[in-house]
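This report describes selected features of the structure shown below. It treats the packing of helices and the arrangement of a sheet in turn.

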Amino acid sequence: MVDEDFFPLENLLSFRKPEDVSRFLDFNINDRSLKWEDIGKEETNFRQLAISRSGVKAFVERITNAIDAALENKYHLLKNNNVSNSPREAIEKWFDIKGGHVGFIGEGKRRELAQKNIQIFLDDSGINKKPTVTIKDFGVGIHPDDFEKTIVGLGGSLKRDKHYLLGAYGWGGSQTFIWCNGAHESANVESLHLAIIVSRKNPNLLEKGQKDEVGWTIIRYKDNPQEKHGVFQYLVDSNKKILRTSPQNLPNDFEHGTCVIHLAYNLEGFHGPMTLSSYRLFQSLLFDPILPFWLYDNRQKEGRTISGNLSRLGTDDKKDIEYQNTLDQITSFGEIKIRYWVLKSKKEGGYYLDSYLVKPGSSETIIITLNGQQYSALSKKIIRDAGLSFLSDYLIFQIECDSLSHQMKKNIFPSTREDIREQYKEELQNEIFSILKSDERTTNHSTPII
């Protein structure tokens, strides 16, 4: 175990700038004989960790991991009772949420649930347009002995047979590393510090022989001008084991769970004040999340509960909705649920619809979700093709695929979670087209909705 004077854990957890990590390593790494190990013990891990096309969608995978950690924690604390076949069923049984949809509970309970389980923070990194993004869950946590099989491993998934969890492959969250501290645009750099990971397994769930210890590491990207790609590495001790320290060194507000600090993260165009950018981003990409989470912008000193656009549309606090409908549709590949809303227009101009989209004016108003996460979206051109051009600026759809069989989910949704396979898009488009043509409430709208 690392000496406490070497590892002031609260200091490490407070680092938000890449130079903070550099100073920490410069002061400690040489004297302590610390080493770097390739993630997954694979020197060609670039091909697996740099496939994500979007930093924001990669970060959603990290949120998915946090939700799974909360579910896993509850599963074990309940002594394996009420084993669930889906995340929705697990949320309904274990968290007492009607139908497994957080939109059915009040705002106060949603905020409490979010702050007790998953928190995300935005901080100034010292690099323009790249905030440091920290995600902290209070879930099951990871024992230091299990880091290599999970958070710094590749392909050693512990989730494949757990249908109550969202993930399956065990390393989706590692897609975030390429988007930290300019790693995706680097060339011939000796070392870029990307992330800090700290985790403590719930002490009530330790297995026989496991000591109650906190595991920690630092992630870096090391380039090599002699090779086509660099390698992602994590910090280990002189015996090439995960570094560890006493739980007494954890802050009082972090009893167990996992914290990942993404240094200078590329949120693409969503780096601005939370209420104007990342709030609407996460509300849209996690349209109906299994668990809500707390988003706090330390730069602006303001926070919001993220419970998804389905929750906002369901409560309709601002009376934006003219008409809504929900249908269970039988397709060639199984049963899906389709929800849609016709929104009013603003008397002062503009569209209420814009506040429910990732970006104002986006043409992608037909959202395809699995377990509440947006995998893909279809263009509102479908609405125009149905002869309802006027309504294209007022309609938003959700195609929920939670009820499909496990096999069909595998067929439709690739492991990258960044889209669905093309052959299924046409049938979904036809379903939307058919609904629009048969719903008298939509076909009868020919004047502005106010």
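Helix α4 passes helix α7 in a right-handed crossing. In this predicted model, the two helices pack at an angle of about 65 degrees, and their axes lie 11 Å apart. Angles of 65 to 115 degrees count as roughly perpendicular, and α4 and α7 are therefore described as roughly perpendicular to each other. On the side of α4, the contact is made by Val 56, Lys 57, Phe 59, Val 60 and Ile 63; α7 contributes Leu 281, Phe 282 and Leu 285.

| Helix | Residues |
|---|---|
| α4 | 55-77 |
| α7 | 278-285 |

The sheet is considered next. Five strands form an open sheet with mixed pairing, in the order β11-β12-β15-β13-β14. Strands β11 and β14 stand at the edges, each with a single partner strand, so one side of each is left without a neighbour in the sheet. On average, neighbouring strands are turned by 20 degrees against each other, direction ignored. Strands β12 and β15 run antiparallel and are joined by six bridges; Val 342 has Leu 395 in β15 as its bridge partner. Helix α11, residues 422-438, packs on the sheet and touches β11, β12, β13, β14 and β15. The direction of α11 makes about 130 degrees with that of β11.

Technical notes:
Residues numbered from 1 in each chain as written. Predicted model: local features only at pLDDT ≥ 70, side-chain atom pairs only at ≥ 80, totals over all residues. Heavy atoms only, no water. Pairing = 2+ DSSP bridges. Helix = DSSP H or I, 4+ residues; strand = E, 2+ residues; numbered from the N terminus. Axes fitted to C-alpha atoms, helices over the stretch in contact; angles between N-to-C directions. Contact = heavy atoms within 4.5 Å. Parallel < 35°, antiparallel > 145°, perpendicular 65-115°, else oblique. Left-handed = near helix turned anticlockwise from the far one by under 90°.
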